[in-house]
Amino acid sequence: MNRTIRHIAVFSLLMVLALLVRATWLQGYQADALADNDRNQRKKIAQYAQPLGDIVVAGAPVTGSTRSESGDLAYQRTYPDGGLYAPVTGYSSQLYGSTQLEGIYSEVLDGTDDRLKNPADALTRKQQEPGTVLTTIDPEVQKAGYRALGDTKGAAVAVDPATGKILSLVSTPSYDPSAIAGMDGADAWQALLADEDKPMVNRAIRQPLPPGSTFKLVVAAAALEEGRYGSVDEPTDSPMPYVLPGTVRELPNDIASAPCENASIRTAMRWSCNNVFAKLAVDLGQDTVRAMAEKFGFNDKELDVPVRAYASVYPSGMDRAQTALTGIGQFDVTATPLQMAMVSAAIANDGVLKAPHMVSEVVDGDGETLESYEDAPAERIMSERTAEQLRSAMVTVVEDGTGSNARVAGAEVGGKTGTAQHGENNARTPYAWFTSYAKDPASGKEVAVAVLIEDAGGPRSEVSGNGLAAPVAQKMMAAALK
């Protein structure tokens, strides 16, 4: 054979072998990565080739599917009560992907999850009947919070203290995910992004803000657990006015005439005495307060419900004056409504914190369980006596203090108000908070709630936890105890 022809033949053979190796590599080792690539239109076609599985609240679906009017995607997502449940479901959009429960369980809901397939189907990649996500949301509690917040910019969370089930997750203003579900949703998407009220931000779990005086519950828990005071009725060593350590700045109380000098924890919670809790934080030290805050869930960057909640923060590396300010939920302390509901839930549940979750079960098309969250992990974070003492003080706040708007007829209700500074030198409208629990002695039902009013739109002189946030909590607690 001619030498030149032989070289060309060998080169051609090597090229063929290289192509075979590349094809084998793509089909054998990179097939899954290519199939899952967001730019792979076949993936999106398969996702919307059949009606999606549903997200269910109290036995009824809060999602649906409808035939697409045009294009390669056969179906698109619908949301019958989109604004009400958007903080729970998130969205499934043909243009913009999926978020929250829609995103976490996308493969279950579109039928491509390997757990839905038998071995033969797994080999052929046959698409199966989609699964269903069952939530813990109570529709009556959800509606009560949503209606009570109305057009207000804010959020509310309700939790069952005994189980950790999230009964309500509300964020307002909300949005309708149906508007961005199809290929014609670009204009609606841009309008949502341009909205200054940020309706797509889930304020209930993903916008930590200063919790104000609701954080005093954490400081009180630390003081009782450390044995600094034997009960909530012992007088504290709390001068008034209280000067922040290392400064000449006096820390004022919200009610100048309140009996806050050397007040007991009960009295200090009833009147929301800043001097008592600021000094307590300094006396305990930032490390002790932080340790208690972290037991409640602060600084947890992996809090999944199963949607990832943003971490609530108790800071470190502070001086004594800054530590004092953290005692009243200011300086760099931040919390989500979910976090403050967890604080009340642990107190209501005799000092045991059950892991919060808003999905009870994920099932396949035949109703067989794929995942179950019924047995949520639990952690004791304070003694039963400390929890009982704090409940007693919280009841005083509602019955004879700053939380009177939270009363529910026939129920034991305890709570804590909060008003947090907003902006440099508190130049902007303050945040109004309320966190509480309620127990019905007749039925045994109980609930813990936290409400944040980010901006009520009124004058700052009318902003208070009792005036704005407590009425929302009251309606949610009443609905949960029915």
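This is a short walk through one protein structure, from its overall build down to a few single residues.

Hello everyone. What you see is a predicted model, in which local features need pLDDT of at least 70 and side-chain atom pairs count only at pLDDT 80 or more, while totals for chains, interfaces and linings use all residues. Residues are numbered from 1 along each chain as its sequence is written, and side-chain values use heavy atoms, with hydrogens and water left out.

Let's start with the whole protein. Its C-alpha trace spans about 105 × 55 × 40 Å along the principal axes. The secondary structure comes to 17 helices and 20 strands; these are DSSP runs numbered from the N terminus, with helices being H or I of at least four residues and strands being E of at least two. Of the 482 residues, 52% are buried. Here buried means under 20% relative accessible area, exposed means over 50%, and partly exposed is in between, using a 1.4 Å probe and protein chains only. The protein exposes about 21,500 Å², and carbon and sulfur atoms supply 49% of that; the areas come from the Shrake-Rupley method with a 1.4 Å probe, and for residues only the protein chains shown count as cover. As for contacts, meaning heavy atoms within 4.5 Å, take those with a separation of 6 or more: residues 24 or more positions apart account for 68% of them.

Now please find the open sheet of 5 strands. Its order is β2-β1-β7-β15-β16, and the pairing is mixed. The edges are β2 (60-61) and β16 (369-372), each pairing on one side only. Two strands pair if DSSP finds at least two bridges between them. Inside the sheet, β1 (residues 55-57) and β7 (residues 132-135) run in the parallel sense over 2 bridges, and Val56 stands opposite Leu134 in β7.

A cavity is a set of points, on a 1 Å grid over the protein atoms alone, where a 1.4 Å probe fits but cannot get out, and lining residues have an atom within 4 Å of a point. Among the lining residues are Gln47, Ser92 and Leu109. The lining divides into 2 nonpolar, 4 polar and 1 charged.

Next, some backbone details. Most residues other than glycine have a negative phi, and most peptide bonds are trans. The bond from Thr172 to Pro173 is cis, with omega near -5 degrees, and Pro173 sits in the loop between β9 (166-172) and α9 (186-194). Val305 and Pro306 are also joined by a cis peptide bond, with omega about 5 degrees.

Ser272 has a positive phi of about 55 degrees. This serine lies in the loop between α11 (265-271) and α12 (274-284), and counts as buried because its relative accessible area is 5%. Phe331 has a positive phi near 55 degrees, and with 31% relative accessible area it is partly exposed.

Phe331 is in the loop between α14 and α15, and Thr334 lies between α14 (320-326) and α15 (337-348). Is Thr334 buried or exposed? Thr334 counts as buried, at 18% relative accessibility. Beyond its neighbours within four places in sequence, its contacts include Pro208, Phe298 and Val313.

Terms used:
On a 1 Å grid over the protein atoms alone, a cavity is a set of points where a 1.4 Å probe fits but cannot get out, and a pocket is an open set with protein on both sides within 12 Å along at least five of seven lines; lining residues have an atom within 4 Å of a point. Ala, Val, Leu, Ile, Met, Phe, Trp, Tyr, Cys and Pro count as nonpolar, Asp, Glu, Lys and Arg as charged, and the others, Gly among them, as polar.
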